[in-house]
Amino acid sequence: MSETDPGFLAAVEEAKQGFAEGGVPIGACLVAKDGTVIGRGHNMRVQKGSATLHGEISALENSGRLPASAYEGSTMYTSLSPCDMCTGACILYKVKRVVIGENKTFVGGEEYLKSRGVEVVVFDNEECKELMRKFIEQKPHVWNEDIGEP
C-alpha cells in the first residue's frame, strides 16, 4: 500500500477533476481484489444537484450494476475519510479495505469500518489536504452542506 498505487492516484485525479468543475474535491476509485478498476468517480453534488453523490458513491455508480460478488474483497481508495453514508456503502458491498488520502479535514466512519472488519489505511497525503483547504476557503457553505452541517 503506497501513495503510488494506481487506485490511489486515480482517486486523487478524480478529486482534482471535481475541484476543476467547481465541486467538492473528493475522489474515489474502487479496485477489485484482482487489481482491476471496477469504478471511479468524484463528488458530484454541486455539478448534478444531488443530495447523495459523494465520491465513493460516484465510484460505485460508475461501476454499473454488478453482482455483489464483484465488490466483495475490493479496495476503496478515497481522497478523504468517508462519511457515514459512504462508510455504509463500503460495508454493504463487503469492501475489504478503505485507503484514505487524508483524515485531518474530516474524520468519517473509520472506527465503524474497523469494527466491521474492514482494513483502514490513512496516507495523510499533502495534496489531498491542500485541495480540501483551498476548497473550504473558497466555498465554506458548500463544504458544510456536503457534511450535513448548517
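Is Tyr93 buried, partly exposed or exposed? Buried means under 20% relative accessible area, exposed over 50%, and partly exposed in between (1.4 Å probe, protein chains only). Tyr93 has 29% relative accessibility, so Tyr93 counts as partly exposed.

Before we go on, a word on the model. This is a predicted model, in which local features need pLDDT of at least 70 and side-chain atom pairs count only at pLDDT 80 or more, while totals for chains, interfaces and linings use all residues. Residues are numbered from 1 along each chain as its sequence is written, and side-chain values use heavy atoms, with hydrogens and water left out.

**Exercise 1.** Describe helix α1 and what its buried residues pack against.

*Step 1.* Helices (H or I, at least four residues) and strands (E, at least two) are DSSP runs, numbered from the N terminus. Helix α1 covers residues 6-20, which is 15 residues.

*Step 2.* The expected span is 1.5 Å times one less than the number of residues. From first C-alpha to last, α1 reaches 21 Å, close to the 21 Å expected.

*Step 3.* Among the buried residues of α1 are Phe8, Val12 and Glu14. The buried residues of α1 pack against β1, β2, α2, β3, β4 and α7.

*Step 4.* After α1 comes Gly22, with a positive phi near 90°.

**Exercise 2.** Find the residues that touch the most other members of the largest nonpolar core.

*Step 1.* A nonpolar core is a set of buried Ala, Val, Leu, Ile, Met, Phe, Trp, Tyr and Cys residues joined through side-chain atoms within 4.5 Å.

*Step 2.* This core has 30 residues, and Leu30, Met76, Val98, Leu113 and Trp143 touch the most other members. Helix α5 gives the most to this core, with four residues.

*Step 3.* Now take Met76, using contact as heavy atoms within 4.5 Å. Leaving aside neighbours within four places in sequence, the contacts of Met76 include Leu30, Leu60, Cys90 and Val98.

**Exercise 3.** Classify two of the aromatic pairs.

*Step 1.* Rings of Phe, Tyr and Trp (its six-membered ring) pair if their centres lie within 6.5 Å; planes under 30 degrees apart count as stacked, over 60 as edge-to-face and the rest as tilted. The count comes to three aromatic pairs.

*Step 2.* Tyr71 and Tyr93 have ring centres 4.7 Å apart and planes at 55°, so this pair is tilted. Tyr71 sits in helix α4 and Tyr93 in the loop between α5 and β4, 22 residues apart.

*Step 3.* Phe106 and Trp143 are edge-to-face, at 6.1 Å centre to centre and 90° between the planes. Trp143, in helix α8, has 7% relative accessibility and so counts as buried.
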